[in-house]
Amino acid sequence: MPGVQLPPKESSLFKRVLKCYEQKQYKNGLRFCKMILSNSKFAEHGETLAMKGLILNCLGKKEEAYEFVRKGLRSDVKSHVCWHVYGLLQRSEKKYDEAIKCYRNALKLDRNNLQILRDLSLLQIQMRDLEGYRETGYQLLQLRPTQRASWIGYAISYHLLKDYDMALKLLEEFRQTQQVPVNKLDYEYSELILYQNQVMREANLFQESLEHIETYEKQICDKLSVEEIKGEILLKLGRLKEASEIFKNLIDRNAENWCYFEGLEKALQLSTLEERLKVYEEISQQHPKAVAPRRLPLNLIPGEKFRESVDKFLRANLSKGYSPLFTTLKSLYCDTEKVSIIQELVTKYEASLKRCAFFSMYETGEKEPPTTLLWVQYFLAQHFDKLGQYSLALDYINAAITSTPTLIELFYMKAKIYKHMGNFREAAKWMDEAQSLDTADRFLNSKCAKYMLRANMIKAAEEMCSKFTREGVSAMENLNEMQCMWFQTECISAYQRLGRFGDALKICHEVERHFFEITDDQFDFHTYCIRKMTLRAYVDLLRLEDTLRRHVFYFKAARSAIEIYLKLYDNPLTSESKQQEINSENLSAKELKKILSKQRRTQKKAKLKEERKHVEREHQQKNQKKRDDEQEMASGLKEEFIPEKLERVENPLEEALKFLIPLKNLVADNIDTHLLAFEIYFRKGKFLLMLQSIKRAFAINSNNPWLHECLIKFSKSASSHSNLPDVVSKVLSQEMGKILVNRDLENFNEDFLKRNSTSLQHLLSGAKMMYFLDKSRQEKALTVATRLDETVKDKNVKTLIKVSEALLDGSFGNCGSQYEEYRMACHKLFPFTSVFLPALNEVHGPSATLNCIADNYDVLTNEI
């Protein structure tokens with residue numbers, strides 16, 4: 001029924017349909033649609049059918065919604081309403097590209113429709129079609145030149161396209177229309193001025209920016225930002241005297257901000273150490289309670305001067321029980337001379353305080369309170385833990401706990417020491433002790449849950465978190481709902497260590513969904529930020545969203561997913577039915593009957609458990625509020641991830657690639673991204689893509705041990721493939737010749753070992769490749785990999801566990817006896833590390849040992 005005009009009665013009903021849709025009165029809207037469509041003359045009225053479909057979509061009936069909208073569009077293909085509604089439907093399904101096409105078709109029919117133009121502009125900025133966004137913004141400005149959103153949206157489009165001059169002209173033109181008295185503080189006007197100034201600074205118009213901020217300074221609400229901007233600009237303009245005054249004022253305002261001190265040093269152009277120390281001394285006198293002006297000089301001074309200054313600093317803070325003292329000094333621990341001075345001083349304090357309650361035997365006057373000794377022991381525990389001297393660290397923390405068994409920080413530190421030792425169960429036990437002293441502390445609760453996950457105690461961690469999650473819902477579900485990704489990334493690692501790949505992949509996909517939802521959630525802010533004039537925050541949001549998947553949570557989840565899919569490709573899981581058939585062939589009738597009976601009992605238990613879960617789920621759904629139900633219907637049900645299906649996926653490498661692509665785009669500066677890419681392409685047999693990955697990794701760190709393994713595998717694989725096209729072979733030989741410098745692989749590997757003779761990680765990779773290239777050199781390779789002499793530097797728990805794992809996983813063939821010798825040697829070095837305890841191998845056997853080693857190594861990879 002193309003282009004049929006509704007008579008007044010039906011037209012009035014149609015307007016009411018639109019009003020009901022806007023006010024979310026969906027049932028009334030459907031009733032009015034029915035009243036129009038029940039008239040045989042208008043049963044095929046396109047716009048009414050489209051609106052009925054749109055309302056049904058809001059009620060969660062998507063299939064019916066599409067049916068009605070398409071039917072309406074067929075009935076009136078020249079109606080801008082039908083195309084607009086079809087676009088809204090596509091938008092609700094997150095099909096933004098399709099929605100944009102629909103809006104463009106609607107605009108061909110009604111060029112100046114404001115609502116369609118607004119909807120189109122929102123999708124264009126969401127999809128970062130900045131050119132299109134600018135064009136739509138221009139149309140909106142022409143149609144509504146008096147509206148603020150039209151001006152601001154159009155200016156932002158030019159800013160994002162880096163056409164700063166045009167953006168500034170538009171912002172200035174709009175600012176002149178604002179009638180704000182000079183002496184009045186108006187937040188929205190203030191934000192407009194600050195945004196205008198931000199654009200100037202990005203355009204490197206520093207002089208204009210300074211003049212601008214000084215002109216409108218009185219009308220800006222955020223006075224701190226004004227001072228910081230002025231300080232930054234004055235430095236860039238070389239007006240150092242004025243800049244120094246600004247930074248001195250900022251330090252008076254906040255004497256703990258290290259950036260202000262950095263700015264002051266640049267402004268004063270201090271050339272000698274004495275001048276710099278004098279400035280810090282003056283600020284210390286002005287701010288006697290501030291820590292920063294006393295701490296920062298410690299970075300600068302060496303030798304005896306350092307001893308004198310750090311002695312004062314330590315005494316003052318230990319006396320008053322400043323608990324984050326070690327954290328404040330931790331950045332000094334890259335200098336061995338300063339570390340030895342700190343150790344000498346604090347150990348003397350401890351000995352003296354025990355004897356006479358003074359920091360030194362020669363002091364007189366008022367004695368130190370008993371708590372000073374406690375904080376000294378606490379500091380020493382942290383100090384020796386940092387240096388890897390775990391037995392000493394434990395002695396000091398145990399002494400502190402004996403004297404004060406109610407201080408939470410002590411138990412927290414003890415758990416941390418055990419974690420660094422690689423004994424995660426003991427660490428979880430002591431962290432649980434710490435949180436039991438204050439069960440209302442959410443931080444301790446979260447830390448305890450994290451430590452439990454490190455120890456693979458997933459159920460206990462979930463119960464721990466349930467103290468702070470919503471009642472009536474399992475903690476795991478609620479934490480997923482709240483996008484609690486620190487918990488989820490730890491769960492992924494725990495499941496991965498336990499070999500529960502399906503559960504791990506399920507959470508990996510949930511984390512991926514969180515990032516998709518965060519990206520999608522910005523949609524609501526496109527209109528909100530312009531309306532509220534929070535323009536600086538809005539531009540920052542857009543830039544953050546563009547690089548969102550650089551976040552460490554995404555990288556951890558993506559890396560784990562890729563590693564699991566690679567394992568599943570190398571060792572595919574058979575389906576349960578196939579496994580049963582294989583097993584049943586090798587069993588007697590009696591044994592088979594027993595197994596089948598056991599399976600039936602297991603299935604029955606699982607069924608009962610599932611029924612109970614179903615009843616609980618129904619009960620939870622009944623208790624949900626009406627608002628939540630409507631929201632769920634509107635947004636649609638989320639896809640459910642089933643672990644069993646995820647771990648038996650048909651093409652694991654394709655699934656791995658889905659996680660890899662965002663990393664290649666956004667985390668290209670991390671060498672692991674390219675080495676993971678190599679592992680995928682190696683299994684796919686894509687030689688040019690392998691070469692690309694190797695070259696990119698080589699450019700980041702040519703001496704990386706994992707890269708060395710990839711290089712040798714790649715070279716050997718390429719040389720053994722005789723059926724490669726001539727062009728590909730030529731490219732590979734040319735590029736690999738540059739890297740190998742025309743050496744054969746054995747010599748290349750020997751050079752690598754000589755060059756890195758003191759690094760255990762490099763020795764391990766070199767030894768692996770020695771055995772890979774020549775199986776007869778197993779003994780030599782094992783000697784290289786298991787070196788523990790004094791010349792080897794990185795003999796930490798993490799690396800030793802990695803070597804132990806390699807001895808058991810077949811990287812050196814069958815070497816059970818060598819593993820046992822190596823385990824005993826490691827046990828002497830780290831007696832508390834659970835992996836190296838002798839009882840483990842005797843009780844559980846080699847396979848359990850390998851699993852435990854993998855558990856501990858993966859955790860320590862993130863920690864040490």
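Reply: The count comes to 1 cavity of 30 Å³ or more, a cavity being a set of points on a 1 Å grid where a 1.4 Å probe fits but cannot get out. This is a predicted model, in which local features need pLDDT of at least 70, side-chain atom pairs 80 or more, while totals for linings use all residues. Numbering runs from 1 along each chain, and side-chain values use heavy atoms, without hydrogens or water.

The largest cavity holds about 50 Å³, the space filled by probe spheres on its points. Its lining (an atom within 4 Å of a point) consists of Leu318, Tyr322, Ser323, Leu325, Phe326, Trp375, Tyr378, Phe379 and Gln382. Helices H19 (325–329) and H21 (370–386) each give two or more residues, with H21 supplying the largest share, 4 residues. By type, 7 of the lining residues are nonpolar, 2 are polar and none is charged.

Now for Thr833, found in the loop between helix H46 (816–829) and helix H47 (838–863). Thr833 counts as buried (under 20% relative accessible area) because its relative accessibility is 1%. Leaving aside residues up to four places away in sequence, Thr833 touches Met421, Gly422 and Val797, with contact meaning heavy atoms within 4.5 Å. A polar atom of the Thr833 side chain lies 2.4 Å from the backbone oxygen of Met421.

Helix H42 (residues 745–755) also has buried residues: Leu745, Phe748, Asn749, Phe752 and Leu753. They sit on the same side of H42 because they cover an arc of only 135 degrees around the axis. Their cover includes helices H40 (705–720), H41 (726–740), H43 (760–773) and H44 (778–785).

Definitions and conventions
Buried means under 20% relative accessible area, exposed over 50%, partly exposed in between (1.4 Å probe, protein chains only). The arc is that of the directions from the helix axis to the C-beta atoms. On a 1 Å grid over the protein atoms alone, a cavity is a set of points where a 1.4 Å probe fits but cannot get out, and a pocket is an open set with protein on both sides within 12 Å along at least five of seven lines; lining residues have an atom within 4 Å of a point. Ala, Val, Leu, Ile, Met, Phe, Trp, Tyr, Cys and Pro count as nonpolar, Asp, Glu, Lys and Arg as charged, and the others, Gly among them, as polar. A polar contact is a pair of N or O atoms within 3.5 Å; within protein, one must be able to donate a hydrogen and the other to accept it, and residues adjacent in sequence count only if both atoms are side-chain atoms.
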